[in-house]
Amino acid sequence: MFDSRHVRVFDEVVRTGSFAAAARSLGYTQPAISQQMKALERSVGTPLFVRVGRGLRLTDAGQVLAQHAAGILGTISAAQQQMTAITRLKTGRVRVCAFPSASATLVPSAVAAIKTRHPGIRVELFDAEPPDSVEALRRGECDITLAFTYDASSEQPESDDLYKVSLLNDPLIVLLPKGHALARRRTVELAQLADERWIAGCVRCRSHFIESCATAGFEPHIDFTTDDNLAVQSLVAAGTGIAVMPSMVQSFIRHPKVVSRPVIPVDSRTVAAYALAGHHNIPVTRLMMEALQVAADEMSGK
């Protein structure tokens, strides 16, 4: 394997016809040129030049390298330009995996901010709930994962292989049809809802909800289970049941026949962005993490 700097000097020697001319062109001394050519010949294992009078003639090996030198240098230059563009955020791609309510709130704000300043950045987005989204990150299927946890959850994704940025706390609310007897209350105690029929969400949300109900002294009657936030509100509006839902959802979907009330005891989930440890310093990944933090601060009113 030879040094690209030596190839560049070699190409200049071939172009100018002598070590002295190449030295003048590159701003080197002639001995420096000679040393670099000797180093290149050692690396390829054969002479590249022979002297003919006061001039130079390429050996067969030298002719082969001369044919490829321009292509080698062109490829290196193109790679350097592309890497510089990525470093300076003129181009690049970041893959984001997020749960649906984050995809509808935090991600659009972050992407809009990035596109304003860095229109060459491409963002790819797909949905997954935790813990599947965290495993997708570990498998290299995405660069950033947005996930949530509950205080009582034993499935905390924090570990040495992950870099975490805490984004916001998302309070839980209870959704009631407008005609519900408790719809006029400012807050609703979970224990007051022991006899209700329920609509539950994703696996992690449903598990936490059941644990919360157990703490409140009852086992919920769950009639429906769906990850579709719009479907949950529509089912509540139709009077088929009630639901506990993160308040983030109602920031982009608010059914006119549904009312939301803070649930007592106060509960919330923690939303965070994750990247693989070390990968968070990749420029485009760091840019997206920062944009998500700004979007979360704006949503939280900070």
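1. Helix H8 (residues 203-216) contributes six residues to the lining of the largest pocket, the most of any contributor; helices here are DSSP runs of H or I with at least four residues, strands are runs of E with at least two, and both are numbered from the N terminus. The model is a predicted one, in which local features need pLDDT of at least 70 and side-chain atom pairs count only at pLDDT 80 or more, while totals for chains, interfaces and linings use all residues. Residues are numbered from 1 along each chain as its sequence is written, and side-chain values use heavy atoms, with hydrogens and water left out.

2. The largest pocket has a volume of about 210 Å³, and among its 14 lining residues Leu190, His208, Ser212, Pro265 and Asp267 are nearest the centre. On a 1 Å grid over the protein atoms alone, a pocket is an open set of points with protein on both sides within 12 Å along at least five of seven lines, a cavity is a set where a 1.4 Å probe fits but cannot get out, and lining residues have an atom within 4 Å of a point. Points are joined across faces, edges and corners, and a volume is the space filled by probe spheres set on them. By class, the pocket lining comprises nine nonpolar, three polar and two charged residues, where Ala, Val, Leu, Ile, Met, Phe, Trp, Tyr, Cys and Pro count as nonpolar, Asp, Glu, Lys and Arg as charged, and the others, Gly among them, as polar.

3. A search of the whole structure for cavities of 30 Å³ or more returns one, and the largest cavity has a volume of about 300 Å³. It is lined by 26 residues, of which Gly201, Cys202, Cys205, Val244 and Pro246 come closest to the centre. Two or more lining residues come from each of helix H5 (100-103), strand E5 (144-150), strand E8 (197-200), H8, helix H9 (229-237) and strand E10 (243-246). The cavity lining divides into 17 nonpolar, five polar and four charged residues.

4. What is the angle between helix H2 (residues 19-26) and helix H3 (residues 30-44)? They pack at about 110°, with their axes 8 Å apart, and are therefore roughly perpendicular to each other. On H2 the contact is made by Phe19, Ala20, Ala22, Ala23 and Leu26, and on H3 by Gln30, Ile33, Ser34 and Met37; contact means heavy atoms within 4.5 Å. Seven of these residues are nonpolar, two are polar and none is charged. Axes are lines fitted to C-alpha atoms, for helices over the stretch in contact, with angles from 0 to 180 degrees between N-to-C directions; under 35 degrees is roughly parallel, over 145 roughly antiparallel, 65 to 115 roughly perpendicular and the rest oblique.

5. Phe19, Ala21, Ala22 and Ala23 are the buried residues of H2, buried being under 20% relative accessible area, exposed over 50% and partly exposed in between (1.4 Å probe, protein chains only). Their cover includes helix H1 (4-16), H3, strand E1 (49-52) and strand E2 (55-58). Just after H2, Gly27 has a positive phi of about 80°.

6. Ala69, in helix H4 (residues 60-87), is buried with a relative accessible area of 0%. Not counting residues up to four places away in sequence, Ala69 touches Val7, Phe10 and Asp11.

7. Pro47 lies in the loop between H3 and E1 and counts as partly exposed at 46% relative accessibility. Leaving aside neighbours within four places in sequence, Pro47 contacts Glu41, Thr59 and Ala61. Ala231, in helix H9, is likewise partly exposed, at 25% relative accessibility.
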